[in-house]
Amino acid sequence: MNAVKPIVSAAELADALAGSNPPVLLDIRYQLGGPHGRPEYESGHIPGAVFVDLDAELAGTPGAGGRHPLPDPDMFAAVMRRAGVSAGSSVVVYDADRGWAAARAWWLLRWTGHRAVRVLDGGLAAWNGPLETAIPDPAEGDFTAAPGALPLLSADAAAELARSGLLLDARAGERYRGEVEPIDAVAGHIPGAVSAPTTENLDEEGRFLPVPRLAARFSALGAGEPGGEVGVYCGSGVSAAQQAVALELAGFTPALYAGSWSEWSRDPARPVATGPGQG
């Protein structure tokens with residue numbers, strides 16, 4: 001069975017929630033360095049949505065593997081079960097920003113074997129229906145993790161792909177070029193990587209561009225025919241997941257370097273490139 005389309009519109013979600021088999025809803029509100037998303041969730045969320053904490057539940061302990069290393073798959077599966085996710089569930093994830101946090105949950109579910117998961121296109125701002133403050137208590141799901149369903153890059157594999165294929169850097173252009181680095185200790189990018197900011201995947205309303213425009217964008221960045229090998233990284237493996245959604249919409253199955261720049265830049269033995277060129 002093929003995976004479902006990676007995004008869902010607000011209108012499609014409203015129809016699904018009104019149907020006989022509504023999806024499991026996960027609220028992944030998160031801001032890097034900002035206030036915790038739980039209070040915003042409690043002040044109003046899409047009816048039935050369960051809050052999931054990105055730092056605590058969608059990432060492991062920060063360290064040599066980066067700021068947001070992948071969580072233990074079995075612990076992640078336990079979080080999903082508590083949220084009501086079963087093997088046969090349809091799941092919709094959303095956030096209130098650019099889809100970064102929601103896409104992290106999407107990628108983790110896909111990577112651990114769950115196929116029927118979609119990101120709400122445009123996030124919470126696209127939702128025209130009611131909000132609620134009641135905290136749901138879903139029945140325990142039966143989801144179990146089978147990691148490896150999506151390709152994953154190590155640091156060495158990312159370096160090789162940057163040399164032999166296409167490795168996209170999803171961070172802002174100024175961070176890629178090494179002009180600023182507000183988070184990690186070293187500025188710059190992986191040599192050979194191509195700058196591809198996630199902001200350019202979205203339109204003015206925060207929705208993903210139409211598929212032909214996404215396909216043209218990635219083709220211009222050096223992607224070959226749909227299905228060709230493409231990798232993506234960012235600062236800590238979160239915003240790169242949004243790029244993975246865009247790439248999948250365009251027909252690719254991207255590999256994610258989850259450790260991303262926060263892992264790469266911790267190792268003084270790894271080379272760093274700066275400036276507008278790939279290095």
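Asp184 and Arg67 form a salt bridge in this predicted model, with the closest N and O atoms 3.0 Å apart. A salt bridge here is a side-chain nitrogen of Lys or Arg within 4 Å of a carboxyl oxygen of Asp or Glu. The pair links distant parts of the chain, 117 residues apart. Asp184 lies in the loop between α7 (173–177) and β8 (194–195), and Arg67 in the loop between α3 (54–57) and α4 (73–82). Helices (H or I, at least four residues) and strands (E, at least two) are DSSP runs, numbered from the N terminus. Both Asp184 and Arg67 are buried. Buried means under 20% relative accessible area, exposed over 50%, and partly exposed in between (1.4 Å probe, protein chains only). Both residues also belong to a network of salt bridges that links Arg67, Asp169, Arg171, Arg175, Glu181 and Asp184.

Residues are numbered from 1 along each chain as its sequence is written. In this predicted model, local features need pLDDT of at least 70 and side-chain atom pairs count only at pLDDT 80 or more, while totals for chains, interfaces and linings use all residues; side-chain values use heavy atoms, with hydrogens and water left out.

The structure holds 15 salt bridges. One of them joins Arg110 to Glu248, with the closest N and O atoms 2.8 Å apart. Arg110 sits in helix α5 and Glu248 in helix α9 (residues 239–249), 138 residues apart. Both Arg110 and Glu248 are buried. Another joins Arg217 to Glu200, at 3.4 Å between the closest N and O atoms. Arg217 lies in helix α8 (residues 211–220) and Glu200 in the loop between β8 and α8, so the pair ties together parts that are 17 residues apart in sequence. Arg217 is buried, with a relative accessible area of 11%. Glu200 is partly exposed, at 45% relative accessibility.

An open sheet has five strands in the order β1-β5-β4-β2-β3, with parallel pairing. Two strands pair if DSSP finds at least two bridges between them. β1 (7–8) and β3 (50–51) stand at the edges with a single partner strand each, so one side of each is left without a neighbour in the sheet. Strands β4 (residues 91–94) and β5 (residues 117–120) pair in the parallel sense over three bridges. Val91 has Val117 in β5 as its bridge partner. Helix α5 (residues 100–111) packs on the sheet and touches β2 (24–27), β4 and β5. Contact means heavy atoms within 4.5 Å. The direction of α5 makes about 175° with that of β5. Axes are lines fitted to C-alpha atoms, for helices over the stretch in contact, and angles run from 0 to 180 degrees between N-to-C directions.

The structure also holds three aromatic pairs. Rings of Phe, Tyr and Trp (its six-membered ring) pair if their centres lie within 6.5 Å; planes under 30 degrees apart count as stacked, over 60 as edge-to-face and the rest as tilted. Trp107 and Trp111 form a stacked pair, 5.5 Å centre to centre with 15° between the planes. Both lie in helix α5, four residues apart, about one turn of the helix. Trp107 and Trp111 are buried. The rings of Tyr233 and Tyr257 have centres 6.4 Å apart and planes at 55°, so this pair is tilted. Tyr233 is in strand β9 (residues 231–233) and Tyr257 in strand β10 (residues 255–257). Tyr233 is buried at 0% relative accessibility.
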